[in-house]
Amino acid sequence: MDMITHAIIGAIIAELALWEKPSQQRKHGRWIGAFLGTAPDFAAIPAQIVFSWSAGDWPWIYDPAHWAGAEDSMWLAGYWFTHSLLLPLLVFIYFKHKNWRTWTLVAWASHAAIDIISHTGAWSMWPFFPLPGQIEGVGDPWSWSPVWWLISVMIALAAWYSVSVMTMQWRINNERV
Ligand SMILES: [Zn+2]
């Protein structure tokens, strides 16, 4: 999925996790959630630069063709690691042990979970990387064209709006009790 959709999903998770908190804390939480939701893709930035450069394009030019057959490149080792659910699972157990709040890990892990659904073929996710086993996603229209990025961002924004209305209602009901 595109990075903006991931960020919105991270913000939605913060919205749900912090619904009872004061507005300042919710505001900070949304930014943290958005950052963590999209952060796993930052590990693809070195590969983006190297692949585009070696294809004769400027480093910031995104072209799906640059990525064809590149999934085994060592430049993507970090990408597969940040997209593994094994890492957040281990950290989750540690956080639980320490009695720390875990919603930040949920925001981080939401990225890989969404990517499992939205990656196919050689780019299918390895949920427990570096352990073997790829899961074939449902489809990957997000990788075809910016039109699909726009559509998924719109859907995510609509979901965010619904969730913020819902949590606002929770707060109102909570005050009445
Ligand atoms: Zn990703």
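Let's start with helix 7: at 1.5 Å a residue, its 31 residues should span 45 Å, and its end C-alpha atoms do sit 45 Å apart, so the two values agree. The expected span here is 1.5 Å times one less than the number of residues. Helices themselves are DSSP runs of H or I, at least four residues long, strands are runs of E of at least two, and both are numbered from the N terminus.

Before going on, a word on what you're looking at. This is a predicted model, where local features need pLDDT of at least 70 and side-chain atom pairs count only at pLDDT 80 or more, while totals for chains, interfaces and linings use all residues. Residue numbers run from 1 along each chain as its sequence is written.

Back to helix 7. Two of its 31 residues are buried, so the helix lies largely in the open. Buried means that 20 or more other C-beta atoms lie within 10 Å of a residue's own; exposed means 12 or fewer, partly exposed is in between, and the C-beta atoms are placed from the backbone.

Zooming out, the protein chain has seven helices and zero strands, which reads along the sequence as α-α-α-α-α-α-α. Its C-alpha trace spans about 60 × 40 × 30 Å along the principal axes. Of the 177 residues in the chain, 25% are buried. Now for contacts, meaning pairs whose C-beta atoms, placed from the backbone, lie within 7 Å. Take those between residues at least 6 apart in sequence: 61% of them join residues at least 24 apart.

Ala34 counts as buried because it has 22 C-beta neighbours inside 10 Å. Leaving out residues up to four places away in sequence, Ala34 touches Ala7, Gly10 and Ala11. Ala34 and Ala107 are 73 residues apart in sequence, yet their C-alpha atoms are 7.8 Å apart in space.

Now to the loops and some backbone geometry. Most residues other than glycine have a negative phi, and most peptide bonds are trans. Asn99, in the loop between helix 5 (86-98) and helix 6, has a positive phi of about 65° although it is not a glycine. Pro130 is found in the loop between helix 6 (103-118) and helix 7 (146-176), which brings us back to the helix we started with.

Methods: Contact = placed C-beta atoms within 7 Å.
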